[in-house]
Amino acid sequence: MGLFDRLKQKKEIERLEATVRGNPSPKAYLELSERYISTGDIDKAFRLVDSGLRAFPKSNDLLQRLVSLRKRRNQEEIRELSGQIASSPSAQAYARLASLYREIDEEERCLDLLREAVDKFPAADSPHQILGEMRLERFRLDHYHRDGKLAIDHLEKAIERNETNYKALLALAKLLLEIGAVGHALKRIREIQAFAPSDPAVDEVLRAAEQCPRGQVEDVDELLRRVENQGRMIFPLAPPKDPRTRALARAIDYTADVEMAQRGLEQLAALPGFVAGSLTGGNGTIALHGGGEAFGPAVTDFVETVGRHVRRMDIGNLTQAQIDGAFGQVYLSRIDPFVLAILFTGTQDTGRVWSEMQSLFDECLIGQATGPRGASNEGT
Amino acid sequence: MDEILERLNQAVGVKGSVVVHRDGVVVKSRLGEDLDTEEVAALASAIIRSTEKALEKIGPEEFSRLVLTATHGKMILVNIDPTYLVVVTRRDINLDLTLLEIDHAAYKVRNQGRIGAR
């Protein structure tokens, strides 16, 4: 690149930086990050997009940019480790590679590697530790009994294979405490203290455990079912992470702007074949256009019942559904606790419909990053 | 039908497939190791009934295809009266391509049923 082009690029970057400071928007962050990428500064682009995502947590474009930047940053190490696994595999290489894939949201690839590692290295603790952590993350989000049980199983297997696996012991101690198995949690804390007597993270968990009342029930299975039924941890310690990306370290609470939602539905009604649309939330229908009163409750019923069955399939929480039939199509998109549903006659351009629905969510849902959920006001 | 499901399972991202009746009785199953046939069939049956119940509030109850996207995977149910083809996939699939494979498999299963009935 010649001197003139470099100067031009520098001016352009300064202009975009001023826009991000003075008039921030997802588009501004994306444009500036492209400039940083074109200069080869991937780390700077990553930090920029990360801060953009904290300012605009609902922006899918920023989210996807962050994930792709993470991939680029991790690419070289992924290549090296893949080569190492092909030529001289080790449990550590598998675990590290699986972690890298997990970081860039390639969960399926991560799981494949961990299953291979468990088969090839049955005495290794790290694959079980990572599997346990992944299940724990799902359990903290969805509170589904099966995830909690598998988290405990894998973490215990990791500990059986290596009784000084600090990460597995700490994760297990925290999980047991959060579900109300205080006695079991204290046992695991003492195991860590045997080899790490003055660890600050452990001391913090111990202090939290000492403040929790010992319940009459310490049956882990029963406590996991209680958490599932109540939809929350008994003694929550950490905020649930957004399942879409590990970039967001804080939970997001959404509220809906009713007027914007109604306007958004009226705009969607302009799509050919539109029959009805509704936005429902925790307390019922928030906005409705066409379709009559039955539409909102029908959507709520569907999400509750089908959502429950989907969780039992071990594929996580329902986020979207498309129902096709002789009547036309129903599109359903969910950002908990809100569900947007549209009924059309005929067949639609699927990509366009999902994009319009996402735009409606972007406009009418206001997201607030929060700290630990219900930590101060949830009891037993 | 074995061959049809085996071929479908080779499509990128497909974890397994099963043909079930509406009440959950399994006709043919080719599910991956992590998936329990009876459990998948029972859940598919519950999903079919729940979907029909929701649809009856807004009009016709029957659906031809249902695509469910969840945080860690997808599930596709295709009506091939009197049975349903149920396919479980990874989350990160190219849905358009996979749906083509699934529709093709459903067509072949449906036609195989017709040929068998003659």
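# Worked exercises on a two-chain predicted model

Ten strands make up an open sheet with antiparallel pairing, in the order 3(A)-2(A)-6(A)-5(A)-4(A)-3(B)-4(B)-5(B)-1(B)-2(B). Keep in mind as you work that this is a predicted model; its scores are ipTM 0.93 and pTM 0.72.

## Exercise 1: The sheet and its helices

Task: Find which strands stand at the edges of the sheet, then say which helices of chain A pack on the sheet.

Solution: 

Step 1. Read the two ends of the strand order. Strand 3 (284-289) of chain A and strand 2 (26-31) of chain B stand at the edges; each has a single partner strand, so one side of each lacks a neighbour in the sheet. From one strand to the next, the twist averages 10°.

Step 2. Strand 2 (residues 274-281) of chain A runs antiparallel to strand 3 of chain A, and five bridges join them. Across this pair, A:Ser278 stands opposite A:Leu288.

## Exercise 2: Two helix pairs in chain A

Task: Decide whether helix 9 and helix 11 of chain A are roughly parallel or antiparallel, then do likewise for helix 2 and helix 3 of chain A.

Solution: 

Step 1. Take the first pair. The axes of helix 9 (residues 166-178) and helix 11 (residues 200-211) of chain A come within 11 Å and cross at roughly 15°. Angles under 35 degrees count as roughly parallel, so helix 9 of chain A is roughly parallel to helix 11 of chain A. The crossing is left-handed.

Step 2. List the contact. Helix 9 of chain A brings A:Tyr166, A:Leu170, A:Lys174 and A:Leu177, while helix 11 of chain A brings A:Ala201, A:Val202, A:Val205, A:Ala208 and A:Ala209. By class, that is eight nonpolar, no polar and one charged residues.

Step 3. Turn to the second pair. The axes of helix 2 (residues 26-38) and helix 3 (residues 42-55) of chain A come within 8 Å and cross at roughly 170°. That makes these two helices roughly antiparallel. Among the residues that meet are A:Tyr29, A:Leu32 and A:Ile37 of helix 2 and A:Ile42, A:Leu48 and A:Val49 of helix 3. The whole contact has nine nonpolar, three polar and one charged residues.

## Exercise 3: Backbone details and confidence

Task: Locate the cis peptide bond in chain B and the positive phi of a residue other than glycine in chain A, then check the pLDDT of both chains.

Solution: 

Step 1. The cis bond joins B:Asp81 and B:Pro82, with omega about 10°. B:Pro82 lies in the loop between strand 4 (73-80) and strand 5 (83-89) of chain B.

Step 2. A:His143 has a phi near 60°. This histidine sits in the loop between helix 7 (126-142) and helix 8 (145-161) of chain A.

Step 3. Chain B has a mean pLDDT of 87, with 95% of its residues at 70 or more. For chain A the mean is 86, and 92% of its residues reach 70 or more. In chain A, the pLDDT is below 50 over residues 243-251 and over residues 370-380. Where pLDDT is low, the predicted coordinates should not be read in detail.

Conventions:
Residues are numbered from 1 along each chain as its sequence is written. Chains are lettered from A and ligands numbered from 1 in the order in which they are written. This is a predicted model: local features need pLDDT of at least 70, side-chain atom pairs count only at pLDDT 80 or more; totals for chains, interfaces and linings use all residues. Side-chain values use heavy atoms; hydrogens and water are left out. pLDDT is the predictor's confidence in each residue, from 0 to 100. Two strands pair if DSSP finds at least two bridges between them. Helices (H or I, at least four residues) and strands (E, at least two) are DSSP runs, numbered from the N terminus. Axes are lines fitted to C-alpha atoms, for helices over the stretch in contact, and angles run from 0 to 180 degrees between N-to-C directions. Contact means heavy atoms within 4.5 Å. Angles under 35 degrees count as roughly parallel, over 145 as roughly antiparallel, 65 to 115 as roughly perpendicular and the rest as oblique. A crossing is left-handed if the near helix is turned anticlockwise from the far one by less than a right angle, and right-handed if clockwise. Ala, Val, Leu, Ile, Met, Phe, Trp, Tyr, Cys and Pro count as nonpolar, Asp, Glu, Lys and Arg as charged, and the others, Gly among them, as polar.
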